[in-house]
Amino acid sequence: MALIEVQDLRYRYPDQQGLALDGISFSVEPGEFVGIIGPNRAGKSTLCQALVGLVPHFYKGAIGGRVVADGLDVHKHPVAEVARRVGLVFQNPFTQISGAKFTVYEEVAFGLENAGVPREEMIPRIEEALRLLGLEELKDRSPFALSGGQMQRLAIASVLAMRPKVLVLDEPTSQLDPEGTGEVFAAMAALCRQGMAVVVAEHKVERLAPLAGKILVLHAGRRVAFDSPRRVFAREDLPALGVAVPPVTEAARRLGWRFEDGTYPVTTEEAEELARKNLVAAGGGGGGRG
Ligand SMILES: Nc1ncnc2c1ncn2[C@@H]1O[C@H](COP(=O)(O)OP(=O)(O)O)[C@@H](O)[C@H]1O
Ligand SMILES: [Mg+2]
């Protein structure tokens, strides 16, 4: 069974006319990495919040369809219960750091204390989370002495210590410089390799493409596509929808460099592979010189 199953999800915020989510269906398997892309106001954040039940429990409004997370119907259970299975990381790490703790270590412990996790269980969980996010060396630092990338990794570690089965991240790198962005992407990749399912709303498609097994494209609350990066970025309608494609895909499209299945490369490695084939084909097709 899928870890997250979203069926025909429809949602309207209170006092709003239109639907913020309009008939969304998709699923996430254990260990899968799913990227969510789409222009501003497409519904990415709303969907992230629906996966943990903040929509509708916190935001209220009208909801239809189903969200099942690890067997739990999200609409029928309190957010606290869902949050043990689905961890949510927000855009701005500042808003996520408690501000009440003096060290990185204590910050990760904070959520566990609040959740009433017994002390002897806390220590291995904190250590594991710090290790997975590469924060061991920083454990005695003040959270506010960290770089943006480090702070976002701390926010992820705090969520991870709750041992959710799925991590949902809403544009976790939008406040970060390229270095911090690289750190957070490396962390997400490492967690995925550990078997964690990762769902991330993200604008940086060139970073998403090499990692994501599937990409969900949203526009005006509707699902435009849910497919592999290669198949998604081969779509002709993305620019008109305000959805960016990786620069390497754009270049390949202009050059007419396609794979046999009609898709374009979405990573530099794939572009190199295709370039080699094209060169070989051109060399072979042109015949010998002698
Ligand atoms: N708290 C809110 N109250 C009312 N409407 C909202 C709220 N948050 C988002 N919306 C509306 O829901 C739609 C989807 O927004 P959002 O999920 O934030 O999109 P995205 O994250 O893709 O930019 C937009 O039309 C937006 O104006
Ligand atoms: Mg958003």
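Q: What makes Asp15 count as exposed?
A: The model is predicted, and in it Asp15 has a relative accessible area of 80%. Buried means under 20% relative accessible area, exposed over 50%, and partly exposed in between, with a 1.4 Å probe and protein chains only. Asp15 is therefore exposed. Asp15 is found in the loop between β1 and β2, and its phi is positive, about 60°, although it is not a glycine.

Q: Where do the numbers and names come from, and which parts of the model count?
A: Residues are numbered from 1 along each chain as its sequence is written, and chains are lettered from A and ligands numbered from 1 in the order in which they are written. Because this is a predicted model, local features need pLDDT of at least 70 and side-chain atom pairs count only at pLDDT 80 or more, while totals for chains, interfaces and linings use all residues; side-chain values use heavy atoms, with hydrogens and water left out.

Q: Why is helix α1 described as largely enclosed by the rest of the structure?
A: Helix α1 covers residues 44–51, and seven of its eight residues are buried, so the rest of the structure largely encloses it. Among the buried ones are Lys44, Leu47 and Leu51. Helices (H or I, at least four residues) and strands (E, at least two) are DSSP runs, numbered from the N terminus. After α1 comes Gly53, with a positive phi near 90°.

Q: What makes β1 and β2 a pair?
A: Two strands pair if DSSP finds at least two bridges between them. Strand β1 (residues 4–12) and strand β2 (residues 21–28) have six bridges, in the antiparallel sense. One bridge partner in β2 is Ser27, which goes with Glu5. By that criterion β1 also pairs with strand β4 (residues 62–69), antiparallel over seven bridges.

Q: Why are β6 and β10 called edge strands?
A: The open sheet has six strands in the order β6-β7-β8-β3-β9-β10, with mixed pairing. The strands β6 (86–89) and β10 (222–227) each pair on one side only. For β6, the partner is strand β7 (residues 166–170), parallel over four bridges.

Q: How do you know that α5 and α7 are in contact, and which residues make the contact?
A: Contact means heavy atoms within 4.5 Å. Val104, Glu107 and Val108 of α5 meet Leu154, Ala157 and Ser158 of α7. The axes of helix α5 (residues 104–114) and helix α7 (residues 148–160) come within 8 Å and cross at roughly 35°. Axes are lines fitted to C-alpha atoms, for helices over the stretch in contact, and angles run from 0 to 180 degrees between N-to-C directions.

Q: What is the handedness of the crossing of α5 and α7?
A: The crossing is right-handed. A crossing has that label if the near helix is turned clockwise from the far one by less than a right angle, and is left-handed if anticlockwise.
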